[in-house]
Amino acid sequence: MPTSAKDKPWYSIEQGTVHFTLISTEHPWSDGSQQLEWIKTDLASVDRSKTPWLVFAGHRPMYSSSNPTNADSKFVAALEPWLQQYKVDLALFGHVHNYERMCSVFQGACLAMPTKDDDGVDTYDHDNYTAPVHAVIGMAGFSLDKFSDTLPPPSWSLRRIAEYGYFRAHATTSEINLEFVDANTLHIHDSFRIIKSTN
């Protein structure tokens with residue numbers, strides 16, 4: 001970890017037009033914790049004229065339909081309001097070994113759904129920001145976690161894939177293009193965009 005203290009493995013980096021806030025879900029994050037104070041300070045410090053995109057990432061997810069017990073309601077309650085307040089564009093998590101993309105979700109409800117662009121790609125318009133787009137991207141390594149064939153997905157779950165693969169992104173000042181690529185075939189199983197004006 002690019003941090004001087006091994007017991008404080010949370011940090012942020014900037015890559016091109018993206019600010020990444022990376023946290024440890026395995027260390028204290030509740031009110032009064034050092035990590036939560038750091039998270040709030042880091043999110044507040046982002047210069048959106050320099051890095052218009054804000055991506056938040058951690059290990060254990062806030063939402064998962066394949067095994068809802070993997071999502072800790074206390075974790076969601078403690079951190080989700082800060083993600084919305086600072087207009088986090090994308091929240092990425094692992095721990096669950098599959099791929100799942102959600103709507104713009106907050107407190108278990110879809111506040112906005114993507115629309116299709118001219119190529120049929122799901123597009124989230126963050127000029128009309130409501131909440132972060134969440135994705136579980138734990139489809140590399142270990143054994144895959146399957147989804148139920150009998151239970152319908154919750155309303156916030158838009159795309160569910162239990163295949164090995166990787167997640168890639170390309171960001172400009174006005175959009176991020178994101179893809180889930182199958183590790184065996186290199187076929188793109190899911191793609192979506194987040195867009196916003198550059199003014």
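1. Before anything else, a term you'll need: a nonpolar core is a set of buried Ala, Val, Leu, Ile, Met, Phe, Trp, Tyr and Cys residues that are joined through side-chain atoms within 4.5 Å. Keep in mind, too, that you're looking at a predicted model.

2. Now for the cores themselves. The largest nonpolar core has 24 residues, and the members that touch the most other members are Phe56, Met62, Tyr63, Phe75, Leu79 and Leu83. At least two residues of this core come from each of α1, β3, α2, β4 (90–93) and β5 (99–106). With 5 residues, α2 gives the most. Take Leu79 as an example: leaving out residues up to four places away in sequence, Leu79 touches Ile23, Trp29, Leu36, Ile39, Phe56 and Met62. There's also a second, separate core of 18 residues, and Trp53, Val55, Leu92 and Met139 are among them. As a general rule, nonpolar side chains in soluble globular proteins tend to be buried together.

3. Next, have a look at helix α1, residues 34–45. Its 12 residues should span 16 Å at 1.5 Å a residue, and the end C-alpha atoms are 17 Å apart, which agrees. Which residues of α1 are buried? They are Gln35, Leu36, Ile39, Lys40, Asp42 and Leu43. These cover an arc of only 165 degrees around the axis, so they sit on the same side of α1. Turn to the face pointing away from that buried side and you'll find the exposed residues Gln34 and Thr41. As for neighbours, the buried residues of α1 pack against β1 (11–15), β2 (18–22), β3 (53–58) and α2 (73–85).

4. Strand β3 is worth a stop. Why can we call β3 largely enclosed by the rest of the structure? Because 6 of the 6 residues of β3 are buried. Trp53, Val55 and Ala57 point one way from the strand, while Leu54, Phe56 and Gly58 point the other way. On the pairing side, β2 and β3 run parallel and are joined by 5 bridges, with Val18 standing opposite Trp53.

5. Let's zoom in on Val55, which lies in β3. Its relative accessibility is 3%, and since buried means under 20%, Val55 counts as buried. Not counting residues up to four places away in sequence, Val55 touches Val18, His19, Phe20, Thr21, Leu90 and Leu92. Val55 and Ala171 are 116 residues apart in sequence, yet 11 Å apart in space, C-alpha to C-alpha.

6. Here's a hairpin to find on screen. β5 and β6 form it with 2 residues between them, and Gln107 in the turn has a positive phi of about 55 degrees. The two strands run antiparallel, joined by 3 bridges, and β6 covers residues 109–112. Val105 stands opposite Cys110 in β6.

7. The UniProt record, an unreviewed entry, carries the annotation "domain: Purple acid phosphatase C-terminal" for residues 131–191. In the model, that span is 0% helix and 48% strand, and its end C-alpha atoms lie 19 Å apart.

Note on methods:
Residues are numbered from 1 along each chain as its sequence is written. This is a predicted model: local features need pLDDT of at least 70, side-chain atom pairs count only at pLDDT 80 or more; totals for chains, interfaces and linings use all residues. Side-chain values use heavy atoms; hydrogens and water are left out. Helices (H or I, at least four residues) and strands (E, at least two) are DSSP runs, numbered from the N terminus. The expected span of a helix is 1.5 Å times one less than its number of residues. Buried means under 20% relative accessible area, exposed over 50%, partly exposed in between (1.4 Å probe, protein chains only). The arc is that of the directions from the helix axis to the C-beta atoms. Contact means heavy atoms within 4.5 Å. UniProt positions are given in the numbering used here, feature names are shortened, and annotations may be inferred rather than shown by experiment. Two strands pair if DSSP finds at least two bridges between them.
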